[in-house]
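Me: Please walk me through this model, one question at a time. I would like each reply to finish on the thing I asked for.

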Amino acid sequence: MAYLDQTRLSKFLSLHLRHNPSGLGLTLEEGGWVGVEALLTGCATRGVHLTRAELEQLVAADAKQRYAFDPTGTRIRAQQGHSVPVALGLAPLVPPALLYHGTVAAALPAIQREGLQKMQRHHVHLSSDAETARRVGSRRGKPVLLTIDAARLHAAGGIFYQSGNGVWLTDHVPQHTWSCNVRPQSRRAGTGELLPLPVHLFSVLLPMPDAQLLIDHTVEFVRAKFLHEGSGHDWEHIRRVWQVARALAQQTPQADPLVTELGALLHDVADWKFHGGDEEAGPRAARQWLQAQHAPEAVIQRVEAIIREISFKGLGVATPMSTVEGELVQDADRLDAIGAIGVARAFAYGGHKGRPLHDPNVAPIEHASFESYKQNTAPTINHFYEKLLHLRERLNTPAARRVAEERHHFMERFLAQFLREWDSQDVSA
Ligand code: HQG
């Protein structure tokens, strides 16, 4: 066996198969292949005496599956990571919606300016799970995780490949298509002292001061619009949803904080309930506002999707969210529809619509379509059976489900007491 240990042997192979084949007297064939015999001979000229069996064992044991033999077993190549020109012959593929890249804080300012670049390699390397990306980043120091909106990049014409060992490859990841789990540090004005900034406000979809300004302006816009709303969809409801969604986002590294906060703040901006059933009124109003604020298009589209998808649409209608941020905002909105606040809001809305509190002769309906749910005019108590008591089962995150438990039981106790008092059962004869 060679005098090198497994790790150094792997690095020796990487060096020559990816970066410096001529160091072993080799030339990479199309696809990055070299003959196995030629490789073993080349290694021997550098004092690294490897048998074919030892090479096979190294290839099989490599944790990242960096190398592969061709089907005949006579040629070998590195699966990715080259710096010498080589066409690996990979076919373009549709990437998963999200991909991850691990880097370090020191690289962030440059990445923020120019996006992710290939640097010395042929492609930008991305991982399909956050853990692997963190490990890649930790080669250089404390890892910083970037979440890439691969679906949007792909829709905009970005081309993606996947190497034989599962690494996703693309040419460039521009600004506004990724978010980050930390905020760069800022210097306290005048002192040069470095201040760590709270994570929850950071999104590099927008340079930081602009992201904060956008949130601040949106708060003012929504607050002014809904301050005196009287149907339970007032500013205080929106403020609670915003707060809860933000807390959920802090526990969800893959969620973009800016999108989550804007989605929460704008989720009721033009609710179909108050716009003649028009389901596009909300997304339209949000787009109008965000465009006027010069928000990036990628952010606008994700916020629109949240608003379009968030509503409960009847017991028989599934309401899946297409984004992780949407799942958080939907949970926050649903938590505000149950518990003591939920009871208060249900009657505020019923009063606003002139509905009776209760009518034992009108049975709750399991609405099988959004249309039937929209046209509902039943007494408010029915709303508990048609929607509110089912929300606990329809939450997306474990954190929200934990909060929902007590709120759900409170509603059950409230209903039991309400129905007892309705028939004056608690009044002795
Ligand atoms: C950073 C390992 C400044 C980038 C792993 C990274 C991976 C920028 C470094 C594979 C930048 C490049 C690849 C910009 C990107 N300004 N810095 N505009 N754009 N960077 O090693 O992705 O062990 O070339 O964040 O497992 O770290 O070799 O790429 O920190 O799969 O098999 O520039 O290498 O596999 O570093 O790692 P690399 P990578 P192997």
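Me: Which residue of E3 stands opposite tyrosine 67?
Reply: A word on the ground rules: this is a predicted model, in which local features need pLDDT of at least 70 and side-chain atom pairs count only at pLDDT 80 or more, while totals for chains, interfaces and linings use all residues. Residues are numbered from 1 along each chain as its sequence is written. E2 and strand E3 (residues 75-78) are antiparallel partners over 3 bridges, where two strands pair if DSSP finds at least two bridges between them. In E3, the residue opposite tyrosine 67 is alanine 78.

Me: How many of the 7 residues of strand E4 are buried?
Reply: A residue is buried if 20 or more other C-beta atoms lie within 10 Å of its own, exposed if 12 or fewer, and partly exposed in between, with C-beta atoms placed from the backbone. E4 covers residues 98-104 and is largely enclosed by the rest of the structure, because its buried residues number 5 of the 7.

Me: Over how many bridges do E4 and strand E6 pair?
Reply: E6 is mostly covered, with 6 of its 7 residues buried. Threonine 103 has valine 144 of E6 as its bridge partner, and valine 104 stands opposite proline 143 in E6. E4 and E6 (residues 143-149) run in the antiparallel sense, and the number of bridges is 7.

Me: Which residue of E9 does leucine 146 stand opposite?
Reply: E6 also pairs with strand E9 (residues 178-180), in the antiparallel sense over 3 bridges. Opposite leucine 146, the E9 residue is cysteine 180.

Me: Is tryptophan 242 buried or exposed?
Reply: Tryptophan 242 sits in helix H8 (residues 235-250). Beyond its neighbours within four places in sequence, tryptophan 242 is in contact (C-beta atoms, placed from the backbone, within 7 Å) with Glu261, Ala264 and Leu265. Because 25 other C-beta atoms lie within 10 Å, tryptophan 242 is buried.

Me: What is the phi of histidine 294, roughly?
Reply: Most residues other than glycine have a negative phi. Histidine 294 lies in the loop between helix H10 (281-292) and helix H11 (297-309), and it counts as exposed because it has 9 C-beta neighbours inside 10 Å. Although it is not a glycine, histidine 294 has a positive phi of about 60°.

Me: How far apart are the centres of domain 1 and domain 3?
Reply: The domain bounds, from an automatic or database assignment, are domain 1 (6-78), domain 2 (98-180) and domain 3 (208-419). Taken over C-alpha atoms, the centres of domain 1 and domain 3 are separated by 58 Å.

Me: What is the radius of gyration of the chain?
Reply: The chain has 16 helices and 11 strands. The chain is more spread out than a compact globule, because its radius of gyration is well over the 22 Å that the globule rule gives for 429 residues. That radius is taken over C-alpha atoms, and the rule is 2.2 Å times the number of residues to the power 0.38. For this chain, the radius of gyration is 29 Å.

Methods. Helices (H or I, at least four residues) and strands (E, at least two) are DSSP runs, numbered from the N terminus. Two residues are in contact if their C-beta atoms, placed from the backbone, lie within 7 Å.
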